[in-house]
Amino acid sequence: MTRRPLPPGARDTRAVLWPAHHGAARAGSPPPRAAVVGGGIAGLTAAVALAERGIAVNLYERGPHLGGRLAGWDTTLADGTTVTMNRGFHAFFRQYYNLRALLRRIDPALGFLTALPDYPLRSRTGGTDRFAGLPRTPPWNALLFALRSPTFRLTDLARIDARRARPLFDVRVPDVYHALDTASAAEFLAAVNFPPKARHLAFEVFSRSFFSAPEALSAAELALMFHIYFLGSSEGLLFDVVNEPFPQALWNPLADRLAALSVRVHTATAVRAVAPRPDGGFDLDLDDGAEAFDAVVLATDLAGLRTLVERSPLLDDHELRACAAAVRQAPPFLVSRHWIDRPARPDRAGFLGTSGYGPLDNVSVVERWEGQAARWTARTGGSVLELHAYAVDPSADRTAVQDQALAQSRLLYPETATARVVDSRHAWHSDCPLFAVGSHAQRPRTRTRYPRLVLAGDAVRCPLPTALMERAATTGFAAANSLLRAWGLRGHDLWSVPPHGRNPLLRAFASGSHHP
């Protein structure tokens, strides 16, 4: 019997391979020239994927650092310590196969990732749910999570409208958008009669990880999330984190990899406009002049894409223009780091999701998983706390939100209430896509009407069941594959969780959802 192939390091025997198209292994000489606009996960993925097939790649990042929403930068604390600040904690789930494929380019063993032993969720009402010790196989993982949860009660579960909940049990892309994109996550959960306390804890925490309140998030994205992390994958509900700051662990080594592939990386360089050429290529208007390329990958954030399209009057693509104008950005979010002079209690989790604590959405005790923070705490006897507040009202007083988040963290961890804050750093951003009700049809596609102009990023429509960082990496590979196919070059394999419900009985049950 032939053993089914798996992604490197994967445990789910039902992970799905999406084979690359065939073609030549490398481009001839002289190779095609491609520009990648944007140095986040999507752009870095596309640049690596193209360069590995011999394409001459120039990567342009308007900011001073690579990494996009995972970038980091140095700052000096009041005690004289130089540390790396970034845009906050990110979870590297084991079902992020394509992101991990990119990161294996710098370390096949992924030695820069550390597994967190648990991922507790704390409610203001007193309940705490945990993911440690759950089985990995659906649906037993979700069932045991519910049965052992102090937030769920059997009487509450019995009241769930199973008929209305059917779409959760056989999620398919893009069918899930056709079925559920017209309702919000909050509306869907209310219609299902999901227990209110459990709704706030189990789903609001995840919804807000999409930088959105449940009232604004599409029910289709909620269902897709439920599939990716609960019922669609047996990789487990826990995740890994990067054990050093993002630049040191990821982006500096990946920049070295790009240099070895002869990729020319231009940071602090904006692309102001793109103009199609008669030969099918493009002229790029840059800060320091213009340059011609055979192909372009646009892997910018939403604001960057909108601005670039507006400033490129010669781009004759109505759909691209409409999508760039229509896709909305999520509300602002806050990342605060506080270096304090006494330790958090030893049993505090490395990461804690919260519900009901004002603007505070989660707390990280950073030294539990980041080496740089651990070295600071070992030297000083203190702790490094990171606080997140998502989907903040744009009109809110930002200083007040920062103060409220810190005050709520002290209620959660009272031992830190009297600690002296050695220093603090606050990062506010508003550049994440909002996966709003009815927004799926408005998102841009990877391909445009120009065969050699492609898009990548977590706001781009993806035919595979992916989300967040994995969607960015997947569309980066997909954009590169589209260009490689046009040049007769071999593409890159992609992987995903199963593209439909994995349990035959649940699929059969869900099939009745269209015939209420």
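Which strands does α14 lie across? Hello everyone, let's start there. This is a predicted model, so please keep that in mind as we go through it. Helix α14 lies across β8, β16, β17 (351–357), β18 (360–365), β19 and β20, and it runs at about 60 degrees to β18.

Let me show you the sheet those strands belong to. It is an open sheet of seven strands, in the order β9-β8-β17-β18-β19-β16-β20, and the pairing is mixed. At the edges you find β9 (128–129) and β20, each of which pairs on one side only. Look at the β9 end for a moment. Strand β8, residues 121–123, is joined to β9 by two bridges, and the two run antiparallel. R122 has T128 in β9 as its bridge partner. Another helix packs on this sheet as well: α13, residues 371–380, touches β16 (333–340), β19 and β20. The direction of α13 makes about 135 degrees with that of β19.

There is also a three-stranded sheet. Its order is β6-β10-β7; this sheet is open too, and the pairing is antiparallel.

Now for some helices, and which way they face. A bit of background first: an α-helix has 3.6 residues a turn, so residues three or four places apart point the same way.

Take α11, which covers residues 302–310. Its buried residues are L302, G304, L305, L308 and V309. Looking down the axis of α11, you see these buried residues within an arc of 160 degrees, so they line one face of the helix. And what covers them? The list includes β2 (33–37), β12 (271–276), β15 (295–298), α12 (318–326) and β21 (453–455).

Next comes α7, residues 185–192. Here the buried residues are A185, A186, F188, L189 and V192. Around the axis they cover an arc of only 165 degrees, which puts them on the same side of α7. Just after this helix sits N193, with a positive phi of about 65 degrees.

Then we have α3, residues 140–148, where N141, A142, F145 and A146 are buried. Viewed down the axis of α3, the buried residues fall within an arc of 130 degrees, so they too line one face of their helix.

Let's move on to a pair of helices. How do the axes of α1 and α15 cross? Helix α1 is residues 41–51 and helix α15 is residues 468–486; their axes come within 7 Å and cross at roughly 35 degrees. The crossing is right-handed. On the α1 side you have I41, A42, T45, A46, A49 and L50, and these meet M469, A472, A473, G476, F477, A480, L483 and L484 in α15. The residues in this contact divide into 12 nonpolar, two polar and no charged.

To finish, a few details of the backbone. In general, most residues other than glycine have a negative phi, and most peptide bonds are trans. Where does this model depart from that? L468, in helix α15, has a phi near 55 degrees, a positive value in a residue other than glycine. A391 has a positive phi as well, near 50 degrees, and you will find A391 in the loop between β19 (383–389) and α14 (398–412).

There are cis peptide bonds to look at too. One joins S29 and P30, with omega about -5 degrees; P30 lies in the loop between β1 (16–18) and β2. Another joins V173 and P174, with omega about 10 degrees, and P174 is in the loop between α5 (162–165) and α6 (175–180).

S439 sits between β20 (421–429) and β21. Is S439 buried or exposed? S439 is buried, with a relative accessible area of 8%. Leaving aside residues up to four places away in sequence, S439 touches D181 and L434.

Terms used:
Residues numbered from 1 in each chain as written. Predicted model: local features only at pLDDT ≥ 70, side-chain atom pairs only at ≥ 80, totals over all residues. Heavy atoms only, no water. Buried < 20%, exposed > 50% of the residue type's maximum accessible area, 1.4 Å probe, protein only. Helix = DSSP H or I, 4+ residues; strand = E, 2+ residues; numbered from the N terminus. Arc of directions from axis to C-beta. Contact = heavy atoms within 4.5 Å. Pairing = 2+ DSSP bridges. Axes fitted to C-alpha atoms, helices over the stretch in contact; angles between N-to-C directions. Left-handed = near helix turned anticlockwise from the far one by under 90°. Nonpolar A, V, L, I, M, F, W, Y, C, P; charged D, E, K, R; others polar.
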